[in-house]
Amino acid sequence: MTNFDPDLTDLLQITAEYGGATPLDGAAAAIHEAIHDGDLTTARAMFTEAASTFDRSDLVQALAALTDPEPGTIAVGPGRLVFGNPLRVDFVGRCGTCNQRWRDDTGRPAVGVNYKTLRGALGWAREHAAEDHANSVTIQEVA
């Protein structure tokens with residue numbers, strides 16, 4: 001990964017390095033990589049820069065699309081990993097089956113957010129799996 005200068009204002013450089021159909025996709029891919037490299041300082045600086053250039057909601061959606069859980073699973077873990085958002089400091093759960101229905105415009109996404117502990121997010125996931133999916137989904141911890 002290229003050293004990121006937080007003062008960088010030309011996100012086209014990031015897009016050229018990381019590819020993507022649009023500059024927003026390239027910025028999201030670069031932020032995603034920094035998160036998975038464990039470099040939250042860089043990821044946060046890149047997020048802040050991208051949010052000043054692109055619509056913040058579009059940026060959050062582009063990051064979330066990179067971390068969509070597979071249908072049949074509920075991803076649970078740190079919000080920065082489950083949603084791909086370096087600003088999240090909570091634990092969350094995100095249902096892949098419900099997320100796919102939302103992307104297909106046939107349902108609502110199911111998420112459990114703002115938990116202070118992994119245990120809290122896992123509790124939400126178990127409850128959602130039992131109540132909405134008759135325990136037919138797998139709960140996967142993301143670390």
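**Close-up 1. The pairing of strands β2 and β3, seen around F91.** In this predicted model, residue F91 has Y115 as its bridge partner in β3. The two strands β2 and β3 pair in the antiparallel sense, and three bridges hold this pairing.

**Close-up 2. The pairing of strands β1 and β2, seen around A75.** Strands β1 and β2 are likewise joined in the antiparallel sense, here over five bridges, and the bridge partner of A75 is R94 in β2. Strand β2 is mostly covered, since four of its five residues are buried.

**Close-up 3. The pairing of strands β1 and β4, seen around V76.** Strand β1, made of residues 73-78, runs parallel to β4 and is joined to β4 by four bridges. One of the residues to look for is V76, whose bridge partner in β4 is E141.

Close-up 4. Strands of a sheet pair through backbone hydrogen bonds, and they may do so in a parallel or an antiparallel way. In this structure four strands form an open sheet with mixed pairing, and their order is β3-β2-β1-β4. Strands β3 (111-115) and β4 (138-141) stand at the edges with a single partner strand each, so one side of each is left without a neighbour in the sheet. Neighbouring strands of this sheet are turned against each other by 15 degrees on average, if direction is ignored.

**Close-up 5. Helix α6 on the sheet.** Helix α6, which spans residues 96-103, packs on the sheet and touches both β1 and β2 (91-95). The direction of helix α6 makes about 60 degrees with the direction of β2.

Definitions and conventions
Residues numbered from 1 in each chain as written. Predicted model: local features only at pLDDT ≥ 70, side-chain atom pairs only at ≥ 80, totals over all residues. Heavy atoms only, no water. Pairing = 2+ DSSP bridges. Axes fitted to C-alpha atoms, helices over the stretch in contact; angles between N-to-C directions. Contact = heavy atoms within 4.5 Å. Buried < 20%, exposed > 50% of the residue type's maximum accessible area, 1.4 Å probe, protein only.
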